[in-house]
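Q: Please take a close look at the aromatic rings in this structure and at how they pair.

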Amino acid sequence: CAGDCGEQLDVFTEGFLGGDAPVGSPTERADIWQTDDKGVTWTNITGGAAHPFVSGEDVKAVACTALDRSTTRWFAAREIVVGEKLKIAYSDNSGATWTLVTITESINGEGTADADALFVLDRDHLWIASTEGAVYFSSDAGVTWAEQTGAQTASASESLNAIKFVDTLVGYAAGENGALIKTTDGGETWEAVTEPSSNHLTALHVFTAFRLIVGTAV
């Protein structure tokens, strides 16, 4: 809304998205695109300059949160990269520069699987679901991350494709082979939920602590 921050903006006026590195190219980098007119036009803000990751690495998920009245932090999560740990990048200047963060508790070859694998509730509550069935949490706007150790057991180490929270306490994550897990304490503990399907769960939307929709692969 209008105020000290500036003019009023309609919902979804501004947005950004991430893409893959060009197929088969070991040198080209994945792009980040931005719109400020509800998606009518898009600008490649990375161009030939700043990118969140190095050549040949895909951006799998993006999200953002307000740090203060004038600064929005953008996040990008990376795909699996053989021999490297899970990494995210963040930018406080609309993608002009990026800070790369390695999640130290992850393992080599761990990454994110899909666009909903990163969920940001606010600057103090961020979660990443990984290809190893793990969940990592940040309480400092993505600067540091800690594993929520019960998630990998609850998911049976199945790759998690999506994670969503209702509030700071209740959340779900869904993934391969029908993996569906739930927390009611912000991720301190996770438990398996009866799977709606043995197919791969690729989409997740949470309405309340007791109402959610999942979608599957064919």
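Is F165 buried or exposed, and what is its relative accessibility?

A: F165 counts as buried, because its relative accessibility is 5%; buried means under 20% relative accessible area, exposed over 50% and partly exposed in between, with a 1.4 Å probe and protein chains only. The model is predicted, so local features need pLDDT of at least 70 and side-chain atom pairs count only at pLDDT 80 or more, while totals for chains, interfaces and linings use all residues. Residues are numbered from 1 along each chain as its sequence is written, and side-chain values use heavy atoms, with hydrogens and water left out.

A search of the whole structure finds 5 aromatic pairs. Rings of Phe, Tyr and Trp (its six-membered ring) pair if their centres lie within 6.5 Å; planes under 30 degrees apart count as stacked, over 60 as edge-to-face and the rest as tilted. One of the pairs joins W127 and F137: the planes meet at 45 degrees, so the pair is tilted, and the centres are 5.1 Å apart. Because W127 is in strand β9 (residues 125-129) and F137 in strand β10 (residues 135-138), this pair ties together parts 10 residues apart in sequence. Strands (E, at least two residues) are DSSP runs, numbered from the N terminus. W127 has 0% relative accessibility and therefore counts as buried.

F165 pairs with W190 edge-to-face, at 6.1 Å centre to centre and 90 degrees between the planes. F165 belongs to strand β12 (residues 160-165), whereas W190 is in the loop between β14 (180-183) and β15 (191-192), 25 residues apart. W190, at 9% relative accessibility, also counts as buried. F119, W127, F137, F165 and W190 form one aromatic cluster.

Technical notes. Helix = DSSP H or I, 4+ residues; strand = E, 2+ residues; numbered from the N terminus.
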